[in-house]
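Thanks for coming, everyone. I have one structure to walk you through today. Please take a look at it first.

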Amino acid sequence: MIDILEHFRAPVYYHLQLLGFDLSITKAVVSMWVVVLLVFAFFWLATRRLSMVPGKIQNLAEVTIEIFQSQLAGVLGEETKKWFPFLFTLFLFILGCNLSGLIPDWFSATSNINVTASLAIMVIIVATGAGIIKHGFFNYFRSIIPSGIPPLVLPLLIPIEVLSQLARPFSLAVRLFANVFAGHIVLLSFISMILIFKSILIAPLPLAGHVIVSVLELLFAFIQAFIFMFLSAVYVAEATSSGH
């Protein structure tokens with residue numbers, strides 16, 4: 001019997017417990033380390049010899065940064081340069097994790113809800129912290145409730161507002177996890193068809209399906225990373241806007 005979900009269980013390379021927390025080094029952890037190293041290596045190569053006439057790597061880095069800055073400027077305005085390093089790094093990390101799952105016998109960390117939830121919680125903490133620093137603790141949380149609301153409505157409205165704030169990290173985490181996980185399930189299902197039917201005659205169909213879905217997965221890897229980054233920018237902009 002073929003267990004498709006087995007491919008989503010990251011093997012443990014080194015067991016590590018610290019203060020009751022499981023900090024074991026798994027395939028997912030190594031995958032994230034590799035993504036971070038590749039992103040760092042790319043921009044180190046792009047910036048180690050900056051020139052007025054950029055080479056191919058420097059030119060690629062500059063064009064990419066300019067494109068993403070222009071996309072975020074519509075949301076963050078004058079705050080774009082301040083928040084761009086954080087948001088762009090978030091995009092590159094998620095993109096690398098999404099793409100790593102398309103490499104045979106490798107692992108996509110974003111197919112694990114723990115990873116996407118951690119990223120989402122980090123974004124909400126950063127956005128909330130930025131709002132508190134800019135507007136003050138009480139002013140920030142007071143501004144969550146719309147002005148002019150009758151006092152009798154507040155007991156009903158406050159829980160709704162709290163739930164809407166809690167829904168933000170949940171939606172960020174689940175959207176990214178579900179899309180990456182579902183895509184990989186489809187890819188594995190196509191390949192598993194060959195083993196299930198045990199016939200070489202049926203091989204062209206699942207292989208063709210695998211190729212088509214792989215191309216779509218490349219597209220979705222970029223889209224999901226961009227959506228996560230863009231929504232993060234929206235949350236930061238809302239927390240730091242003058243409306244608070």
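Let's start with contacts. Take the contacts in the protein between residues at least 6 apart in sequence: 65% of them join residues at least 24 apart. Keep in mind that this is a predicted model.

Now the overall layout. How many helices and strands does the protein have? The secondary structure comes to 7 helices and 4 strands. Along the sequence, the pattern reads β-β-β-β-α-α-α-α-α-α-α. The protein has 244 residues, and 32% of them count as buried. Its accessible surface comes to about 15100 Å². Carbon and sulfur atoms account for 73% of that surface.

On to the helices, starting with α1. Helix α1 covers residues 27-47, which is 21 residues. At 1.5 Å a residue, α1 should span 30 Å. The C-alpha atoms at its ends are 30 Å apart, so expectation and model agree. Which residues of α1 are buried? They are Lys27, Ala28, Val29, Val30, Ser31, Met32, Val35 and Ala46. What do the buried residues of α1 pack against? Their partners are β1 (12-14), β4 (25-26), α2, α3 and α4 (113-135).

Next, α2. Helix α2 runs over residues 56-76, again 21 residues by its own count. It should span 30 Å at 1.5 Å a residue. Its end C-alpha atoms are 29 Å apart, which agrees. The buried residues here are Gln58, Ala61, Phe68, Leu72 and Leu76. Just after α2 comes Gly77, with a positive phi of about 60°.

Then α3, residues 80-100. With 21 residues at 1.5 Å each, α3 should span 30 Å. Its end C-alpha atoms are 29 Å apart, and that agrees. Where does α3 bend? The bend is at Phe86, by about 25°.

Let's turn to the aromatic rings. The structure holds 10 aromatic pairs. One of them joins Phe42 and Phe43. Their ring centres are 5.0 Å apart, with 90° between the planes, an edge-to-face arrangement. Both are partly exposed: Phe42 has 28% relative accessibility, and Phe43 has 21%.

Stacked or edge-to-face: which is the pair of Phe84 and Phe88? The ring centres are 5.0 Å apart, and the planes meet at 15°. Planes under 30 degrees apart count as stacked, so this pair is stacked. Phe84 and Phe88 both sit in helix α3, 4 residues apart, about one turn of the helix. Buried or exposed? Phe84 is buried, and Phe88 is buried as well.

Step back from single pairs. Ring pairs link Phe42, Phe43, Phe68, Phe84, Phe88, Phe91, Phe226 and Phe230 into a cluster.

Now charges. Side chains of opposite charge can pair when their charged atoms come close. How many salt bridges does a search of the whole structure find? It finds 2.

One of the salt bridges is between Glu79 and Lys82. Their closest N and O atoms are 3.9 Å apart. The cut-off for a salt bridge is within 4 Å, so 3.9 Å qualifies. How do the partners sit relative to the surface? Glu79 is partly exposed, at 25% relative accessible area. Lys82 counts as exposed, at 60%.

Another salt bridge joins the side chains of Glu238 and Arg168, at 2.4 Å from N to O. Why does this pair deserve a second look? Glu238 lies in helix α7 (residues 204-240) and Arg168 in helix α6 (residues 154-197), so the pair ties together parts that are 70 residues apart in sequence. Glu238 is partly exposed, with a relative accessible area of 34%. Arg168 is partly exposed too, with 21%.

Stay with α7 for a moment. Ile223 is also placed in this helix. Its relative accessible area is 34%, so Ile223 is partly exposed. How far apart are Ile223 and Leu176? In sequence, they are 47 residues apart. In space, the distance is 10.0 Å, C-alpha to C-alpha.

A quick recap to close. Helix α3 bends at Phe86. Ring pairs build a cluster that includes Phe84, Phe88 and Phe226. Over to you.

Note on methods:
Residues are numbered from 1 along each chain as its sequence is written. This is a predicted model: local features need pLDDT of at least 70, side-chain atom pairs count only at pLDDT 80 or more; totals for chains, interfaces and linings use all residues. Side-chain values use heavy atoms; hydrogens and water are left out. Helices (H or I, at least four residues) and strands (E, at least two) are DSSP runs, numbered from the N terminus. The expected span of a helix is 1.5 Å times one less than its number of residues. The bend at a residue is the angle between axes fitted to the seven residues ending there and the seven starting there. Buried means under 20% relative accessible area, exposed over 50%, partly exposed in between (1.4 Å probe, protein chains only). Rings of Phe, Tyr and Trp (its six-membered ring) pair if their centres lie within 6.5 Å; planes under 30 degrees apart count as stacked, over 60 as edge-to-face and the rest as tilted. Contact means heavy atoms within 4.5 Å. Accessible areas come from the Shrake-Rupley method with a 1.4 Å probe; for residues, only the protein chains shown count as cover.
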